[in-house]
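Subject: Structure for your review

Dear colleague,

Please find below the structure that I am handing over to you. My notes on what was found in it follow directly after.

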Amino acid sequence: MERNKKILIGAVVIALILILAVGFALAYAGRDKTQIKDRTLHLSVNGCGMEVPLKKDGITVDVPSLMIGSNNAFKLLGYINGKITVDGKTLKVGKSVKVAVTALTPENKLKVVIANDKDTRTVYLRTYSSQLPSLRVTGESAANGEYLITEKDKPVIYALNTNGDLIWYQALDADKAKVRFTDFRRHVATNGDIYYSYHRTDPDADNGGIADYQPGMRIVMDENFNVITEDVGLGYYNPEKTVNKEEAGRSVDGHGFELLNKNDTLTLSYQTERVSNIPANLNPSKNATVVAAVLQEVHGNKVVWEWRSTTFDKLYALSRRGNAYGSDTPQDYLHVNAMILDPADNNPILSLGNADAVIKVDRETGKILWVLGGKADAFGLKAHQQFANVTDIALATDRTLVVTQANKVTTFRINEAGKKVTYLASYTTADAVSAAKLSRKQNNLMIAGNGTNKIIETFYDTRSNGLIVRMSGHQTLSSVRYYASDKADDD
């Protein structure tokens with residue numbers, strides 16, 4: 001018995017020795033002996049991934065996203081056998097570390113040090129990405145606000161303050177990123193909370209052959225530009241049906257979006273639809289197919305209200321382009337190219353690009369409240385007051401409606417009840433993208449466009465220049481919006 005006990009104890013000891021030996025052997029064999037110079041640093045900065053090869057010491061690289069202030073979130077995505085610091089702050093795998101940035105300028109850089117007992121690498125991060133255009137600012141704006149900008153041909157999006165200084169950006173490598181951004185907006189929810197949102201196009205989405213249709217997803221951020229969600233927006237759902245979260249947001253268009261509150265949105269999308277209600281005098285084919293404009297209000301995960309342009313047969317006759325109803329190919333007869341909400345009654349106002357008109361829709365009944373411009377104009381516009389090929393619309397707090405087209409910006413102050421235009425002024429311009437009235441205090445206007453590389457110009461009735469921002473190169477803008485940040489400007 002005693003002998004068996006000794007044998008058992010001996011076997012256990014031998015087993016433990018073997019386990020320890022194997023453990024040490026595996027640990028030694030698995031030890032990563034790769035030097036820092038042979039590694040790549042993988043980071044996430046404000047939710048955007050980036051890779052930094054460490055072969056060369058002292059290199060300077062772009063950062064995909066940064067903002068002014070202390071809320072820049074840096075996260076190390078993989079072990080690198082060394083200590084990594086950004087401006088003195090140590091990064092740890094999988095943990096977010098906040099880094100302050102005082103200025104987004106070509107001169108300002110963040111210092112990253114990667115070090116262990118055998119090697120050291122230093123990398124400098126540009127706070128002003130080389131993917132961004134060089135901006136030259138002159139003059140000053142009369143109002144306190146922000147300019148939110150996207151470009152058409154590059155995956156860049158950025159925000160400027162009243163002085164034309166960069167305060168936030170996301171700039172991806174154009175050679176690697178096929179996505180594009182547009183319709184960068186600021187929203188004030190019903191409880192006063194501020195949010196930002198922008199549209200990110202899906203390069204693999206099917207646009208059905210519809211010109212200027214940009215299906216994709218809506219990204220919503222908080223007041224500090226931190227992403228809250230990337231799946232906002234529905235499209236192609238029937239009212240009262242529960243939303244499939246895996247499909248949500250993949251088909252919204254980049255021409256209109258409103259965040260009513262954190263869980264309540266209004267989106268615009270297009271849907272090809274075979275219809276039978278086109279008036280006979282328009283000679284429709286039996287297989288007439290059109291592109292329906294669809295507005296959907298979503299609360300939580302339910303579509304609670306929907307408006308479809310094809311419900312109104314009178315709209316077919318308003319079309320001036322995309323109206324070959326005798327064809328069997330889908331006709332983009334209206335092409336809603338802008339949607340805003342009237343803050344007075346929260347009803348949507350839509351620009352119908354292919355009807356040269358602006359309409360207002362009742363968000364409860366779905367009825368069309370009025371039509372401005374085009375064939376069914378209800379306000380008595382004269383020929384020289386009409387507009388065509390509208391690119392954007394905006395509504396100021398003093399009820400001034402600003403209508404932008406490529407060669408002209410027109411401002412209307414409309415009397416909705418009496419169906420009269422009580423004020424009108426036009427400004428000739430070139431390559432305009434959008435325009436907005438800056439404040440109620442002064443009759444000043446912001447116009448943004450691509451003419452002579454001038455992206456922002458603010459001026460007064462006398463046409464004396466205010467803030468002017470010029471852009472280097474030949475970038476093409478897709479959207480520019482202005483938002484007052486000081487309510488006193490509108491008193």
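**Salt bridges**

At 19% relative accessibility, Arg308 counts as buried, because buried means under 20%. The model in which this value was computed is a predicted one. The partner of Arg308 is Glu273, and the side chains of the two meet in a salt bridge at 3.1 Å, N to O. Glu273 has a relative accessible area of 22% and is therefore partly exposed. Glu273 belongs to strand β20 (residues 264-274) and Arg308 to strand β22 (residues 302-308), so the pair links distant parts of the chain, 35 residues apart.Side chains of opposite charge can pair when their charged atoms come close. By the rule used here, the count comes to 20 salt bridges. A second example joins the side chains of Asp62 and Arg126, at 2.9 Å, N to O. Asp62 sits in the loop between β3 (60-61) and β4, while Arg126 is in strand β10 (residues 120-126); the two are 64 residues apart. Asp62 counts as partly exposed, at 21% relative accessibility, and Arg126 is also partly exposed, at 27%.

Asp342 is buried, with a relative accessible area of 1%, whereas Arg399 is partly exposed, with 25%.

**An open sheet**

Five strands form an open sheet in the order β4-β14-β13-β12-β35, with antiparallel pairing. Which strands stand at the edges of the sheet? They are β4 (65-67) and β35; each has a single partner strand, so one side of each is left without a neighbour in the sheet. From one strand to the next, the twist averages 10°. Within the sheet, β12 (residues 145-151) and β13 (residues 156-161) run antiparallel and are joined by five bridges. Leu148 stands opposite Ala159 in β13.

The largest pocket has a volume of about 1300 Å³. Its lining is made up of 42 residues, and those nearest its centre are Arg186, Val188, Pro343, Leu395 and Tyr483. The elements that give two or more residues to this lining are β15 (181-188), β19 (257-261), β23 (336-341), β27 (390-395), β31 (432-437) and β35 (477-484). By class, the lining of the largest pocket holds 21 nonpolar, nine polar and twelve charged residues.

The second largest pocket has a volume of about 920 Å³. It is lined by 38 residues, of which Lys152, Asp212, Gln214, His255 and Ser478 are the closest to its centre. At least two residues of this lining come from each of β15, β23, β27, β31 and β35. Which element supplies the largest share of the lining of the second largest pocket? That element is β35, with four residues. The lining of the second largest pocket divides into ten nonpolar, 18 polar and ten charged residues.

Yours sincerely

Conventions
Residues numbered from 1 in each chain as written. Predicted model: local features only at pLDDT ≥ 70, side-chain atom pairs only at ≥ 80, totals over all residues. Heavy atoms only, no water. 1 Å grid on protein atoms, 1.4 Å probe; cavity = no way out; pocket = protein on both sides within 12 Å on 5 of 7 lines; lining within 4 Å. Points joined across faces, edges and corners; volume = space filled by probe spheres on them. Nonpolar A, V, L, I, M, F, W, Y, C, P; charged D, E, K, R; others polar. Pairing = 2+ DSSP bridges. Axes fitted to C-alpha atoms, helices over the stretch in contact; angles between N-to-C directions. Salt bridge = Lys/Arg side-chain N within 4 Å of Asp/Glu carboxyl O. Buried < 20%, exposed > 50% of the residue type's maximum accessible area, 1.4 Å probe, protein only.
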